[in-house]
Amino acid sequence: MHRITLAALAAGAVLLLHGPPLLAQTAPPGEMPAAPLGVPGTRLGSGTSWIPDASAVHTLMTRAGPWSLMGQGDIVLYGDAAGTGRGGSQIGSTNWLMLMAMRQAGSGLLRLDAMVSAEPATVGKGGYPLILQTGESYRGQPLHDRQHPHDLWMELSAAYERPLTRGLALSLYAAPVGEPALGPVAFMHRPSAADDPFANIAHHWQDATHITYGVATVGLFTHDIKLEGSVFNGREPDEDRYDFDFRPLDSWSVRLSANPAPRWSLNASYGFLKSPEGLHPGESVARFGASAMYVRPFGGSGQWASALVYGANRQSTVGRSAHPVSNSVLVESDLRFDARNAVFGRVTWVQKDTAELVVSGMPDARYGVATLSLGYVRQVARRRAVGLDVGLRGDLGYVPAALRSVYGTRTPAGLILFARLRPASTGRGAGRRMRGMQMGMAGR
């Protein structure tokens with residue numbers, strides 16, 4: 001199975017670099033299918049979420065008969081060193097490849113998405129070092145100070161949108177593997193994290209449900225506002241990253257999204273997750289939060305994208321009253337000077353208890369922990385529409401005095417050197433072309 005997964009990743013890299021012109025050229029204007037109510041294609045985030053309309057995109061586009069095809073992906077080779085024995089060091093690869101196929105279907109738009117990752121083989125089931133990260137398990141033990149790998153199957157979904165009136169449209173989304181209407185856009189699809197390929201320590205307070213084995217979502221939207229609800233399987237993926245972890249659709253969520261102007265995207269959501277952690281089957285979680293994303297032009301061809309994300313969990317255990325709310329806040333920004341150079345930064349604060357941090361010999365307590373991440377990335381080569389980037393990211397953590405003996409310091413640090421292969425920066429021009437391709441269906 002590992003050899004099959006590695007072969008698929010290698011094939012994806014070859015396709016990006018040497019594939020036929022179909023995937024190496026931007027589709028000419030007018031070839032994208034119309035979107036209900038004139039909603040631009042650049043608004044699409046992960047699952048059914050929205051990002052700002054003015055976002056630049058890293059997408060390859062073409063057509064095959066009535067289908068419009070779009071490809072996205074990141075293939076990252078990293079060397080990761082954490083400045084504490086709780087994280088260690090590792091050489092590996094984070095990666096994902098996604099193909100979207102869209103066509104007109106009656107008076108609406110049909111979209112099929114498939115997304116895969118070779119991380120079970122290239123990162124390993126125990127994940128990569130990330131100081132103060134928690135969530136999911138390996139060999140029957142909770143992971144700590146490591147980020148779990150993505151599953152082989154990250155998304156297999158179908159979505160259909162059609163207008164009901166001149167100003168109102170219906171959206172339907174069904175996925176054996178997909179994302180419910182809960183939380184902000186997943187971190188790898190946020191413009192504010194476009195140049196940072198690694199997760200944040202509040203992932204399981206904010207966007208961890210972006211891989212869920214069983215989702216159905218219904219929404220109503222106008223040109224600027226969308227209200228949607230989901231039923232889904234609330235259990236996190238288990239440590240067998242190659243299978244399908246199907247369970248009953250025992251959880252639910254609602255989300256309200258708004259794009260009041262091309263540079264802004266806002267959302268707020270609430271969800272109930274039935275027994276999300278396999279190690280604690282009697283414990284459920286209410287997760288709620290809100291986010292704001294903003295993008296603006298920078299210089300002649302650059303972009304500055306920022307996000308503010310709040311996420312919270314309230315755990316409840318069978319036979320016991322609900323636990324206090326644990327909170328998280330994230331602020332991140334990505335400044336792309338031009339098509340070749342970018343800097344990025346992220347500050348994350350989150351409340352984690354001794355069980356989540358896997359700290360033994362100490363009384364049960366909750367601690368506010370934080371990380372500051374800063375990085376730089378530069379494109380060093382480009383072939384057709386694919387760029388090769390090199391980057392450096394530094395992490396500086398903060399723990400309270402009570403955890404000094406656990407980490408050996410109150411400011412644990414880490415450093416990641418990486419090289420990345422992905423569709424080259426499209427800049428604002430391609431974003432405008434993509435929006436121009438959306439002819440709209442407001443008059444139907």
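A polar contact is a pair of N or O atoms within 3.5 Å; within protein, one must be able to donate a hydrogen and the other to accept it, and residues adjacent in sequence count only if both atoms are side-chain atoms. The side chain of Gln72 makes one with the side chain of Thr59, at 2.9 Å. This is a predicted model: local features need pLDDT of at least 70, side-chain atom pairs count only at pLDDT 80 or more, and totals for chains, interfaces and linings use all residues. Residues are numbered from 1 along each chain as its sequence is written, and side-chain values use heavy atoms, with hydrogens and water left out.

Gln72 sits in strand E2, residues 67-82. Leaving aside residues up to four places away in sequence, Gln72 touches His58, Thr59, Trp96, Leu97, Met98, Met100 and His189. Contact here means heavy atoms within 4.5 Å.

Now the whole chain. It has seven helices and 19 strands. These are DSSP runs, numbered from the N terminus: helices are H or I with at least four residues, strands E with at least two. Of the 444 residues, 55% count as buried. Buried means under 20% relative accessible area, exposed over 50%, and partly exposed in between (1.4 Å probe, protein chains only).

Next, the rings. Those of Phe, Tyr and Trp (its six-membered ring) pair if their centres lie within 6.5 Å; planes under 30 degrees apart count as stacked, over 60 as edge-to-face and the rest as tilted. The count comes to twelve aromatic pairs. Tyr213 and Phe246 have ring centres 6.3 Å apart and planes at 80 degrees, so they are edge-to-face. This pair links distant parts of the chain, 33 residues apart: Tyr213 lies in the loop between H4 and strand E9 (215-221), Phe246 in the loop between strands E10 (225-232) and E11 (251-258). The rings of Phe244 and Phe246 are stacked, because their planes stand at 15 degrees, with centres 5.5 Å apart. Tyr213 is buried at 1% relative accessible area; Phe244 is partly exposed at 36%. Elsewhere, ring pairs join Tyr78, Tyr128, Phe198 and Phe418 into a cluster.

Last, the largest pocket. Its volume is about 600 Å³. Its lining takes in 26 residues, with His280, Glu283, Gln315, Asp353 and Glu356 nearest the centre. A pocket is an open set of points on a 1 Å grid over the protein atoms alone, where a 1.4 Å probe fits, with protein on both sides within 12 Å along at least five of seven lines; lining residues have an atom within 4 Å of a point. Grid points are joined across faces, edges and corners, and the volume is the space filled by probe spheres set on them.
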